Amino acid sequence: MKIDLITLFPEMCEAVLSESIIGRARKSGAIELKCRQLRDFAFDKHRRVDDTVYGGGMGMLLKCEPIALCYEALCAERGCKPYFVYMSPQAKPLTQEKLKELSRKENICVLAGHYEGVDQRIIDEFIDEEISIGDYVLTGGELPALVFIDALSRLVPGVLSNDECFTEESHYNGLLEYPQYTKPQSWRGLEVPPVLYSGDHKKVDRWRFEQSLRNTLKKRPDMLDNRELSDEEARLLKEFEC
């Protein structure tokens, strides 16, 4: 997968995206990621890419032309038009299902807005989809963009060591993950559930399934509202509610 990030703060984004799992994935070639400086497409000596808002109001708005030129330049470089995503608090919150859908795309471009956002004409003419990481507002789109890119990249083959690294996690299959434990077996009088060191893999799998379902009921019962429950899941949920 090839990912382009259009931002006013590429150094900030590079600092995050060059570390840990994502950094290693970039070095191995599992993903190709470029942070592009929007100001490189400004026209004046001050490299301004924003201006005042028509109709009045506080704050500044990112202008059309620098964004359009930057996107068109990367399209020419990539030889295609990447799926263009704008990080916006007005969009529906990001979900694991949406990430799975977008992980099948070969080229994605992410626009990190700033100040009061971007000129609506860019959204109307260029943006394929707006994405939010939650119903709240931050000072800029860089942090949401980094969250989105991190969550998306880890679903790309070769980024994680094994598919189970994400298929067993919360939200992937519509449930929250089961509790997990590490050594020591006993810590301050608190014990690891014996089934986890029993050596019986079928019992471990069963325990994890039940705990995953119980965890979801306890912490995020809303996730079960639209889930097509199996007979086994329905039976267990009734037991848990008793």
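Helices α1 and α6 are roughly parallel to each other, a label given to angles under 35 degrees. The model is predicted, with local features requiring pLDDT of at least 70 and side-chain atom pairs pLDDT 80 or more, while totals for chains, interfaces and linings use all residues. Residues are numbered from 1 along each chain as its sequence is written, and side-chain values use heavy atoms, without hydrogens or water.

The two helix pairs are set out below; axes are lines fitted to C-alpha atoms over the stretch in contact, and angles run from 0 to 180 degrees between N-to-C directions. Helices (H or I, at least four residues) and strands (E, at least two) are DSSP runs numbered from the N terminus.

| Helix pair | Angle | Axis distance |
|---|---|---|
| α1 (residues 10–17) and α6 (residues 142–153) | about 30° | 11 Å |
| α8 (residues 201–219) and α9 (residues 231–241) | about 60° | 10 Å |

At about 60°, α8 is oblique to α9, oblique being the class left over once angles under 35 (roughly parallel), over 145 (roughly antiparallel) and 65 to 115 degrees (roughly perpendicular) are taken out. The crossing of α8 and α9 is right-handed, meaning that the near helix is turned clockwise from the far one by less than a right angle. In contact terms (heavy atoms within 4.5 Å), R206, F209, E210, L213, R214 and L217 of α8 meet E232, E233, R235, L236, L237, F240 and E241 of α9. This contact holds six nonpolar, no polar and seven charged residues. Here Ala, Val, Leu, Ile, Met, Phe, Trp, Tyr, Cys and Pro are nonpolar, Asp, Glu, Lys and Arg are charged, and the others, Gly among them, are polar.

The crossing of α1 and α6 is right-handed. From α1 come M12, C13, V16 and L17, and from α6 come E142, L143, L146 and I149. The contact of α1 with α6 has seven nonpolar, no polar and one charged residue.

The largest pocket has about 470 Å³ of space. A pocket is an open set of points on a 1 Å grid where a 1.4 Å probe fits, with protein on both sides within 12 Å along at least five of seven lines; lining residues have an atom within 4 Å of a point. The lining has 25 residues, of which Y86, M87, S88, P89 and G117 are closest to the pocket centre. β5 (83–87) and α5 (120–125) each supply at least two lining residues. By class, the lining has 11 nonpolar, 11 polar and three charged residues.

Some backbone details remain. The K183 to P184 peptide bond is cis, with omega near 5°, and P184 is in the loop between α7 (164–167) and β8 (186–187). S20, not a glycine, has a positive phi of about 55° and lies in helix α2 (residues 20–28).

Note on methods: Points joined across faces, edges and corners; volume = space filled by probe spheres on them.
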